[in-house]
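Please look over the structure shown here before reading on. The briefing is meant for someone meeting it for the first time.

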Amino acid sequence: MDFWKENKTHIYWNPYFGGFMLGLLLIATFYITGRGLGATGGTKSAVITTVDKVAPGYAKESSYYSKYYDEEKNPMNNWLVFETIGMIAGAFLSGALSGRVKFRVQHPPHISSNKRLIYASIGGLLFGFGSQFARGCTSGAALSGSAVLSLGGFITMAGIFGTAYIVAYFFRKMWIN
Amino acid sequence: MGPLTYFGEISTEWNYVIAIFIGMAFGYIMEASGFSSSRKLIGVFYGYDFAVIRVFITATLVAIIGLLYMGYFGWIDYSVLFVHPTFIFSATIGGIIMGFGFIIGGFCPGTSLCALAIGKLDGWVFTIALFIGIFIYSLVFPLIKPYYNMGDMGHITISEYLNMSNAWFTFWFAIIAVAIFYVTSVIRKKVKEVRY
């Protein structure tokens with residue numbers, strides 16, 4: 001069992017196969033719901049719910065949350081929230097089947113785990129902010145937008161990957177020797 | 001004819017059940033492709049692992065072609081599919097901010113959820129920071145609202161913008177995709193291998 005696990009932890013799908021499956025899933029999602037996939041939408045609902053619990057009434061007043069806030073409806077009662085719960089379960093299943101489930105910090109050998117966690121938190125803050133400004137993240141705007149040829153989807157895709165490529169040189173010490 | 005929920009062929013309750021299964025498939029595919037590893041994801045920017053761009057472009061191409069064909073065959077009403085609206089300014093600036101987030105944090109929101117699911121603490125931290133980032137955005141939203149709505153072009157597609165037919169745009173996109181696949185495989189062979 002251990003032998004089997006040891007040998008499977010770094011075996012991933014062929015990227016073209018993974019891409020093909022993801023493409024089929026996007027088609028199925030559009031066929032069923034008329035919209036694409038998303039990853040930040042569910043997170044946003046969770047933020048709104050938290051804010052509403054901590055400071056009742058604030059979400060309704062806030063000029064940003066009020067767009068998504070509906071007195072009749074719990075913000076967690078949202079398609080993307082259910083999808084996000086499924087995502088975590090699905091990723092866990094895949095990881096468990098390949099023996100990758102383990103509490104750890106993954107970092108390059110020359111970077112300490114504390115540093116890695118600091119970088120991850122800065123990246124998360126920027127991504128959270130940017131995804132709201134661009135009306136979607138890599139999944140919701142770039143991937144699902146591009147699937148139906150949205151101009152904004154392609155622009156956001158170029159923005160994310162283009163910027164990361166341009167600035168990669170300055171951040172190389174975080175990732176490679 | 002699809003979209004099924006649009007034409008009322010699926011009720012809201014079932015739609016939520018389906019959402020969980022679609023999410024599971026999404027999470028499974030990403031994790032199985034190695035997207036729960038920040039070092040694998042970031043390899044795309046340093047040339048030692050191009051999985052991200054291969055998965056991403058293949059998925060986009062398959063979805064574009066598949067949906068167009070389903071439209072031609074009359075299996076789906078292409079005109080009612082949700083086209084992500086284009087706000088030229090916020091799409092560009094938001095993309096740039098996310099680009100910095102990607103190279104510094106090593107994840108994007110979907111992949112950080114995959115990392116979180118298999119117990120990676122960097123994924124947990126990224127996701128918590130994501131929550132805080134969204135919260136900060138909501139606090140400053142009144143100040144940046146005019147920029148958020150700047151350059152509204154509506155639900156425009158890239159083929160409309162370039163004045164091409166969908167089919168021709170897809171044809172050229174497929175050519176570019178194959179070129180990218182080839183160039184990345186050449187670069188991959190030249191870059192020193194990174195073990196992770």
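Predicted model: local features only at pLDDT ≥ 70, side-chain atom pairs only at ≥ 80, totals over all residues.

Residues are numbered from 1 along each chain as its sequence is written, while chains are lettered from A and ligands numbered from 1 in the order in which they are written. Chain A has eight helices and zero strands, where helices (H or I, at least four residues) and strands (E, at least two) are DSSP runs numbered from the N terminus.

**Chain A as a whole**

- Read from the N terminus on, the elements of chain A follow the order α-α-α-α-α-α-α-α, and its C-alpha atoms fill a box of roughly 55 × 40 × 35 Å along the principal axes.
- Of the 177 residues in chain A, 54% are buried, a residue being buried if 20 or more other C-beta atoms lie within 10 Å of its own, exposed if 12 or fewer, and partly exposed in between, with C-beta atoms placed from the backbone.
- Among contacts in chain A between residues at least 6 apart in sequence, 52% join residues at least 24 apart, and two residues are in contact if their C-beta atoms, placed from the backbone, lie within 7 Å.

**Domains of chain A**

- Chain A is divided into domain 1 (1–102) and domain 2 (108–177), with bounds that come from an automatic or database domain assignment.
- The centres of these two domains of chain A, taken over C-alpha atoms, are separated by 17 Å, and eight residues of domain 1 of chain A are in contact with eight residues of domain 2 of chain A.
- On the side of domain 1 of chain A that touches domain 2 of chain A, helix 2 (15–33) and helix 3 (40–54) of chain A each supply at least two residues.
- By class, that side of domain 1 of chain A has four nonpolar, four polar and no charged residues, where Ala, Val, Leu, Ile, Met, Phe, Trp, Tyr, Cys and Pro count as nonpolar, Asp, Glu, Lys and Arg as charged, and the others, Gly among them, as polar.

- Helix 5 (residues 79–97) of chain A has 19 residues and should span 27 Å at 1.5 Å a residue, which agrees with the 27 Å between its end C-alpha atoms; the expected span is 1.5 Å times one less than the number of residues.
- Just after helix 5 of chain A, A:G99 takes a positive phi of about 65°.
- Helix 8 (residues 151–167) of chain A is largely enclosed by the rest of the structure, because 12 of its 17 residues are buried, among them A:L151, A:F154 and A:F161.
- The cover over the buried residues of helix 8 of chain A includes helix 7 (138–147) of chain A, together with elements of chain B such as helix 4 (88–105) and strand 2 (152–154).

**Chain B and its contact with chain A**

- Chain B is divided into domain 1 (1–81 + 165–196) and domain 2 (84–156), whose centres, taken over C-alpha atoms, are separated by 19 Å.
- Between the chains, 115 residues of chain B are in contact with 106 residues of chain A, and helix 6 (residues 121–148) of chain B gives the most to the side of chain B that touches chain A, with 20 residues.
- The residues on that side of chain B divide into 77 nonpolar, 32 polar and six charged.
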